[in-house]
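Biologist: Please take me closely through one part of this model and follow it residue by residue, setting it in the context of the whole chain. I would like the cut-offs spelled out as each term comes up.

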Amino acid sequence: MIPTTLAAFDPGADGDQILAILAWAASACGVAGLIVVGIQMALQLRRGDPGEGGEHFRGVFFVLLGCVLAASAGPLVAALGSLSI
């Protein structure tokens, strides 16, 4: 008996809608993350520990890195296309 291959799964418009919602949520979380880092910078302004600015910039870096990863998920999935065997 010859094995048959299964048809490729195509999520269609529902998959695009989920990716759009996740991209919107990632953007909202990125804005919230930058606001939190800004609040932390404002609260610790007078503390004066040397090297403290590096912690804040590291927080901004991680927030922006997460936004870039989340924003590139949709185009990456579209570029890969069908992953059927």
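Modeller: A residue is called buried when its relative accessible area is under 20%, exposed when that area is over 50%, and partly exposed in between, with a 1.4 Å probe and protein chains only. By that rule, buried residues make up 11% of the 85 residues in the protein chain. The model is a predicted one, in which local features need pLDDT of at least 70 and side-chain atom pairs count only at pLDDT 80 or more, while totals for chains, interfaces and linings use all residues. Residues are numbered from 1 along each chain as its sequence is written, and side-chain values use heavy atoms, with hydrogens and water left out.

The protein chain has three helices and zero strands, where helices (H or I, at least four residues) and strands (E, at least two) are DSSP runs numbered from the N terminus. Along the sequence the pattern is therefore α-α-α. The accessible surface of the chain, computed by the Shrake-Rupley method with a 1.4 Å probe and, for residues, only the protein chains shown as cover, comes to about 7,100 Å², of which 72% belongs to carbon and sulfur atoms.

The buried residues of α1 are G15, A26, G30, G33 and V37.

On the surface, V31, I35, I39 and L43 form a nonpolar patch with about 420 Å² of accessible area together. A patch is made of residues with over 30% relative accessible area and no salt bridge, nonpolar side chains (Val, Leu, Ile, Met, Phe, Trp, Tyr) being joined within 5 Å and like charges within 9 Å; a salt bridge is a side-chain nitrogen of Lys or Arg within 4 Å of a carboxyl oxygen of Asp or Glu. V31 counts as partly exposed because its relative accessibility is 49%.

Q40, also in α1, is partly exposed with a relative accessible area of 41%. The C-alpha atoms of Q40 and G59 lie 9.9 Å apart, although the two are 19 residues apart in sequence. A further C-alpha pair is V63 and A32, which are 31 residues apart along the chain and separated by 9.3 Å. V63 belongs to helix α2 (residues 52–71) and is buried, with a relative accessible area of 18%.

The cysteines complete this picture. A disulfide is a pair of cysteine sulfur atoms within 2.5 Å, and by this rule the count comes to zero. The sulfur of C29 is 8.3 Å from the closest cysteine sulfur, that of C67, and this is too far for a bond. C29 counts as exposed because its relative accessibility is 55%, whereas C67, at 23%, counts as partly exposed.
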